Amino acid sequence: MKSYILGYDDVALSLLLMAIAILLSRLRSLKLERNLAIGTVRSFAQLTLIGFALKFLFAHQSLLTFGAIATIMLLVASYEGVRRQTVRLPGFFFIILISLSAALILSLAVVVALIISPDPWYNLVVSIPLSGMVLGNGLNVISLAANRLMGEMKLRSAEIEVALSLGAPPAAALQPAIKESLTAALIPAINALMTVGLVQLPGVMTGQILAGQPPVEAVKFQIVIMMMWVTTGVICGVAATAMMRYLLINKRWQVRWELLEPTSSA
Amino acid sequence: MLKLESVWKYARNHTGPAVLRDCSYHFVAGRIYAVLGPSGVGKTTLLKTLNHLLPLDRGRILFGDEDIALMPPQQVRRQVSMQFQTPAFLADTVEEELRSAARFCGRDHINPSEFLELVRLNSDFLPLMAKTLSIGEQQRVCLARTLVTLPRVLLLDEPTAALDDSTAEFVIETIRSISRAAGLLTILVTHRKDHAAELGDVVVQLDGGQLMDQDS
Ligand SMILES: Nc1ncnc2c1ncn2[C@@H]1O[C@H](COP(=O)(O)OP(=O)(O)OP(=O)(O)O)[C@@H](O)[C@H]1O
Ligand SMILES: [Mg+2]
């Protein structure tokens, strides 16, 4: 099987595609040109930088390097998660950090150490791309679930107060809202499980096939990745919403409604 | 039985005037209190603080001689039961509604029709969808639900507001008989002076953040 190698001139040709997108935006007055252009430059710059950084890191493997990189990725992801929230919650940074860490540790233990078992176990060639996948997906699930949970709580404030007034513990009073928010946040991942391979070939597999791997081998990887992707999403969502419960309902079983108001961001 | 001691409570967002300002009042066991006051004065907020659903900004509320802020929350909520201004349901059918209320307050085995009987609905209502009932029936289901916790204090927020006169009359009669039979302390909020006078042993005015007895 042949693997295809691109030169920078080939990559530059892909700008033609972007030119079409920008032209369309212009013709239809979508005003997306500016963001498309900035996005194009950023993605070129960021990916090129990352490429060189990875090349350098792969040549200097050590557990310390991996630890440092994983920590930075976790912190950046958590910060990004806080930024994406429409309503500021005190301590939300740590909720994201803890949820993502749990998902990361589990996927490193099972997928990296147990299934792929590279040598050494923290081999950056394996661990960094996988960590990125886990954190990116986990962050999406947490952001969706958290925003939705707070929306549901406002929507269901009457039901939540009724349940609490009857003596329901916070977990029981919030259960319908949490269920709703997790369903909404996880539906994309679950749908992907259903249709994977039928409509589109997922990125990992596409990349491997283009790089010359036999399809059957690429599929094995993809299955493992899918399992990891969905499960870490579920873990992040469940952990984050469970912790948010303690933030949004106090020890006296009172909802802290003021936290749900956008004005309380101060 | 329920005693406010120098209670301060601001509206949720802490802007605007205090809803309760240095408010002290003693609700005596076994009596029916009718709280009157214009819209927005803080009647609902008062009931929610008594149910410990909202924290106080200052002062304390005693249940018996215990500060409710120091009691286990579930114990407060079981003994002080609240019916809200607008009916809201946790389950689909009336029977499930009463059973989930029972589960929440830690009672496993209840006979739902027994509680419907208290609010004079027969057991044909058990399988019906709570949300499809008339407002009057919904309010009575909500009243039955508050009784499931076997409370000693009943807080009722505008139990007659959405009802026509004859249904209101009927609900008032029901509330009175339940309160009397179980010797409950009942605190109900209304904006109707005639209902207040008819139902309340004591008519209380909430105004300027204070509770004051009205001479009858
Ligand atoms: N969630 C909230 N956010 C901000 N202010 C609130 C909130 N809930 C109540 N308030 C304010 O607190 C005050 C008291 O409200 P409350 O609902 O207790 O009045 P009420 O006497 O029950 O009125 P009504 O007779 O219309 O039911 C009002 O000025 C109201 O605007
Ligand atoms: Mg009210």
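Modeller: About 1200 Å³ of space lies in the largest pocket. The volume is the space filled by probe spheres set on grid points, which are joined across faces, edges and corners. On a 1 Å grid over the protein atoms alone, a pocket is an open set of points with protein on both sides within 12 Å along at least five of seven lines, for a 1.4 Å probe; lining residues have an atom within 4 Å of a point.

Biologist: Before we go on, what are the ground rules?

Modeller: This is a predicted model, where local features need pLDDT of at least 70 and side-chain atom pairs count only at pLDDT 80 or more, while totals for chains, interfaces and linings use all residues. Residues are numbered from 1 along each chain as its sequence is written, chains are lettered from A and ligands numbered from 1 in the order written, and side-chain values use heavy atoms, without hydrogens or water.

Biologist: Which residues lie nearest the centre of the largest pocket?

Modeller: A:Q46, A:L47, A:I50, A:G51 and A:L54, out of 28 lining residues. Elements giving two or more residues are α1 (8–13), α3 (33–59), α4 (63–84), α6 (124–155) and α9 (203–210) of chain A. Helices are DSSP runs of H or I with at least four residues, strands are E runs of at least two, and both are numbered from the N terminus.

Biologist: Which one gives the most to that lining?

Modeller: α3(A), with 13 residues. By class, the lining has 20 nonpolar, five polar and three charged residues. Ala, Val, Leu, Ile, Met, Phe, Trp, Tyr, Cys and Pro count as nonpolar, Asp, Glu, Lys and Arg as charged, and the others, Gly among them, as polar.

Biologist: How many helices and strands does chain A have?

Modeller: 10 helices and zero strands. Its C-alpha trace spans about 70 × 55 × 35 Å along the principal axes.

Biologist: And which peptide bond in chain A is cis?

Modeller: The one from A:D119 to A:P120, with omega near -5°. A:P120 is in the loop between α5 (92–116) and α6 of chain A. Most peptide bonds are trans.

Biologist: New topic, ligand 1. Which residues come nearest?

Modeller: B:R12, B:S39, B:K43, B:T44 and B:T45, of 13 around ligand 1. Here, near means a heavy atom within 4 Å. Helix α1 (residues 43–50) of chain B gives the most to this shell, with three residues.

Biologist: What about polar contacts?

Modeller: Those are pairs of N or O atoms within 3.5 Å. An oxygen of ligand 1 is 2.9 Å from a side-chain N or O atom of B:Q85. A backbone N or O atom of B:G42 is also 2.9 Å from a ligand 1 oxygen. For a polar backbone atom of B:V41, the distance to a ligand 1 oxygen is 3.3 Å.

Conventions
A polar contact is a pair of N or O atoms within 3.5 Å; within protein, one must be able to donate a hydrogen and the other to accept it, and residues adjacent in sequence count only if both atoms are side-chain atoms.
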